[in-house]
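Let's take a friendly walk through a model and its charged side chains. Have your viewer ready.

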Amino acid sequence: MATSTLNAACHVGADLYQSPRLPADHRYQVVALVLQGGGALGSYQAGVYQGLAEADLHPNWVAGISIGALNAAIIAGNPPERRVERLQEFWQTICQPPFLPPSPLGQMSFLRDWPEPLIGLYNGWEAWRALTEGQNGFFVPRTPFNTDGPAGPGNASYYDTAPLKSTLVALVDFDRLNDTREMRVSVGAVNVKTGNFVYFDNTKEPLCAEHFMASGALPPGFPAVEIDGEYYWDGGVVSNTPLQQVLTTTPRKNSLVFQVDLWSSHGSLPTDLSKVALRQKDIQYSSRTRMITTYMANMQKHRRLLRELMQLVPEDVRKDNPWYRRAAEEACDRLFNVIHLIYKEKNCEGSYKDYQFGALTMREHWASGLADIEHSLAHPEWLDMPPPETPFITHDVHRF
């Protein structure tokens, strides 16, 4: 009775994650991939996933918001051997203009050697095209005299995201995505009417294209998405990272978490208005990831301490003492290891970096993600289980 009560909020089963990359004595039950929102920056996450796949580290839980939710759909909705290929197809699709030909400069690698001011002009041009033309298989501008349907929340936006649904249906096997035996999937959105943040989760309901579109429906650019009579916007309106969802879900399990952020909370002081706008976005959408990890580290340390103290309670007191039962719901000795990967902006990027979908920039973001995860995995000790006295640890290659 006492043991089962004490373990109520902590899963202690033997369903360990299988991977030759992990140390032989590991006890991880969850390997999670946590994907922040950030629009065009999201190809960085695809590069991170490629590195994980090449290292034979396939997550059994993927959680995302906004573009992170779309990447999550591609990953969970395909077999492991096709996920990188499908991610490439997705990003090659949406990083093209919908009607006019793409800029030939996007195919020329020597552009990287140009002076930063010229690269900045190219980036600005690609961002302007996204605003005026939209992106293939993703969104297109609404006409000035909207004929897409009656006025309502589903049409109240500058762009129409109907092409995105077709892209997701073509690239995602939703039957596979909803098979929870292989992978758990969670995507965040906000209810427009109530303002409440919600997670759509395949362990609670079948997910379809609309759930992922809702997670990425950032107003006023994109329209709210209707699901079961309610309308939802991008989860980034409230919180842009699903890290807390993964760390606080019960029953708690020993977890290795790859947290992939597209915005950095740290940055230099802005010196002009364009840099003010960029810095403001970085701070807003980084969603206090560092604060969440610090808070969760303290909470897990306290849960561990509480569990140790509870072992001192006499057996004859445990069964009927209500305070002991309440403490048992909070106590836990689970271990959490968070490997943090953060996209680092380049000097030539502007405040439009999240909607600059140029093909060349997409490939650079992808390569940055791949390089960061390879550098992280070059530290095999980072995959070790945390010691009991430090139940929550973090690693970040950019701290070096």
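Is Glu182 buried, partly exposed or exposed? With a relative accessibility of 29%, Glu182 counts as partly exposed, where buried means under 20% relative accessible area, exposed means over 50%, and partly exposed lies in between (1.4 Å probe, protein chains only).

## About the model

This is a predicted model, in which local features need pLDDT of at least 70 and side-chain atom pairs count only at pLDDT 80 or more, while totals for chains, interfaces and linings use all residues. Residues are numbered from 1 along each chain as its sequence is written, and side-chain values use heavy atoms, leaving out hydrogens and water.

Side chains of opposite charge can pair when their charged atoms come close. Searching the whole structure turns up 16 salt bridges, each defined as a side-chain nitrogen of Lys or Arg within 4 Å of a carboxyl oxygen of Asp or Glu. One of them joins Arg83 to Glu182, with 2.9 Å between the closest N and O atoms. This pair links distant parts of the chain, 99 residues apart: Arg83 belongs to helix 4 (residues 83-94), and Glu182 sits in the loop between helix 7 (174-177) and strand 5 (184-191). Helices (H or I, at least four residues) and strands (E, at least two) are DSSP runs, numbered from the N terminus. Arg83 counts as buried because its relative accessibility is 1%.

Helix 4 also holds both Glu89 and Arg86, three residues apart, or about one turn of the helix. Their salt bridge has its closest N and O atoms 3.1 Å apart. Glu89 is partly exposed at 33% relative accessibility, whereas Arg86 is buried, its relative accessible area being 15%.

## A salt-bridge network

Lys353 and Asp282 also meet through their side chains in a salt bridge (3.2 Å, N to O). Lys353 lies in the loop between strand 10 and helix 14 (359-377), and Asp282 in helix 10 (residues 273-286), so the pair ties together parts that are 71 residues apart in sequence. Both Lys353 and Asp282 are buried. Together with Arg279 and Glu345, these two residues are linked in a network of salt bridges.

## Strands 10 and 11

Strand 10 (residues 336-342) runs parallel to strand 11, and five bridges join them; two strands pair if DSSP finds at least two bridges between them. Within this pairing, Asn337 stands opposite Ile393 in strand 11.

How many residues of strand 11 are buried? Four of the five are, leaving strand 11 (residues 392-396) mostly covered.
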